[in-house]
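Please find below my notes on the structure you sent.

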Amino acid sequence: MTKKTDSDDSNDSDAAREQKRERVLRDRAERLARVERRGEAGEVAAQVAVIAVGGERFGVPAERIRELVDVPAIAGLPDLPGWLPGIAQIRGELVSVVDLARLFGIVEEKSAEKAADEAPGCLVVVECAAGPLGLLAGRNLGFRVVRSTEIAEGFSQSTSRDERPVRFVTRDLCAVLDLDRLAADERLVVHQV
Amino acid sequence: MSHVPTAALRCEIEQMQHQLYELQLRVRRAAGSGLEALPTGELLLLECRVEEQRIALLLDHVEEAVPAAALTPLPESPPWVLGMLNLRGTTIPVLDVAARLLRRERQLELSDLIVVCSLHGRRIGLAVQEIHHVLRVLAGSISEPAPDLPHAPYLLGVCSTGTGLLTLISIERLVALSDIPELGA
């Protein structure tokens, strides 16, 4: 019987990693190739930027995004709830910053992999009726078109029991934000300064 | 057999290489003229990372971004054409921006993203390493790229941001100059 050397072990682990990489890429290709049963004929419900927040995925309507920037310095204000860490200055303009992870009560215990996925953080600056708003998020995962056929059944604003600002959730669990409902919160005081 | 000095041969090769480079540059310029020009007014740019370089695409052309997936290789395609992606039943060619712009061949990594762009009714995927920001810039703040740069034909311009230079890529020129007739059509 021949003895296994460190070099053999390293080759084995490289081969295993390569196999895993190819398997994941193949699985993704199969998923992407799938055509919705009801076809792509479903109407476009939203075009969103998908962002990672504490291991969850949220969709921010693309037409409302002014820009995505690295997380700037945030100045805290007294007597604000935890999900409102303060205000930031973006190109000379004061913007209320909303911490989505805290707003949605997402558990902070993350695996190392998920934590790495979320670094570095970004601030999504969106346009709301009262002015710009900054959404504190993890990583920008890309953009996607959400069709009506992709929306999870049984979820809509009218059936949502709480006041959480979510327009709808997709079948693959991406919550698309309702920015108007979010901006309607009276605690977003920065525009009265 | 007569022996030509090696140094003389090297010198001749260098001269011919220089002439070849000049010719290639002229071909690229000729192919790039008449293609997409820099739009005017306010532009929305999608900033991406390609290897260590920051590039930007016009957001108007971007449809969606999907994670890197296995692609079907195209026979006899140049190294910057990674293959074809089946996206919900539509076949989309995927170009490797790093291979095209930086002349570096690389295999798709799990962390890579494919930015799906729409161009005159056709869709094309661009493999990038990361998507950063959406930026709003004025066209006037974008400078013309230096004409003699080897990659200039694919650039719409160079934009200075707070954190460094950003090269604005013309998807149309990238496709038109991809050396694949069916892509450039």
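Predicted model: local features only at pLDDT ≥ 70, side-chain atom pairs only at ≥ 80, totals over all residues.

1. Strands β1 (residues 44-53) and β2 (residues 56-61) of chain A pair in the antiparallel sense, with six bridges between them. They form a hairpin with two residues between the strands. A:Gly54 lies in that turn and has a positive phi of about 50°. A:Val53 has A:Glu56 of β2(A) as its bridge partner.

2. β2(A) also pairs with strand β11 (residues 174-177) of chain A, this time in the parallel sense and over three bridges. Here A:Gly59 is bridged to A:Val176 in β11(A).

3. The largest nonpolar core contains 93 residues. A:Val124, B:Leu57, B:Ile114 and B:Val115 have the most contacts inside this core. β1(A) provides the largest share of the core, seven residues. In soluble globular proteins, nonpolar side chains tend to be buried together.

4. What does A:Val124 touch, apart from its neighbours within four places in sequence? A:Val124 is in contact with A:Ala49, A:Ile51, A:Val60, A:Ile65, A:Leu68, A:Leu135 and A:Ala137.

5. Between the chains, 22 residues of chain B are in contact with 21 residues of chain A. On the chain B side, β3 (62-67), β4 (81-87) and β8 (130-138) each supply at least two residues. β3(B) gives the most, with six residues. By class, this side of chain B has 15 nonpolar, three polar and four charged residues.

Methods. Residues numbered from 1 in each chain as written. Chains lettered and ligands numbered in written order. Pairing = 2+ DSSP bridges. Helix = DSSP H or I, 4+ residues; strand = E, 2+ residues; numbered from the N terminus. Core = buried A, V, L, I, M, F, W, Y, C linked by C-beta atoms within 7 Å. Buried ≥ 20, exposed ≤ 12 C-beta atoms within 10 Å, placed from the backbone. Contact = placed C-beta atoms within 7 Å. Nonpolar A, V, L, I, M, F, W, Y, C, P; charged D, E, K, R; others polar.
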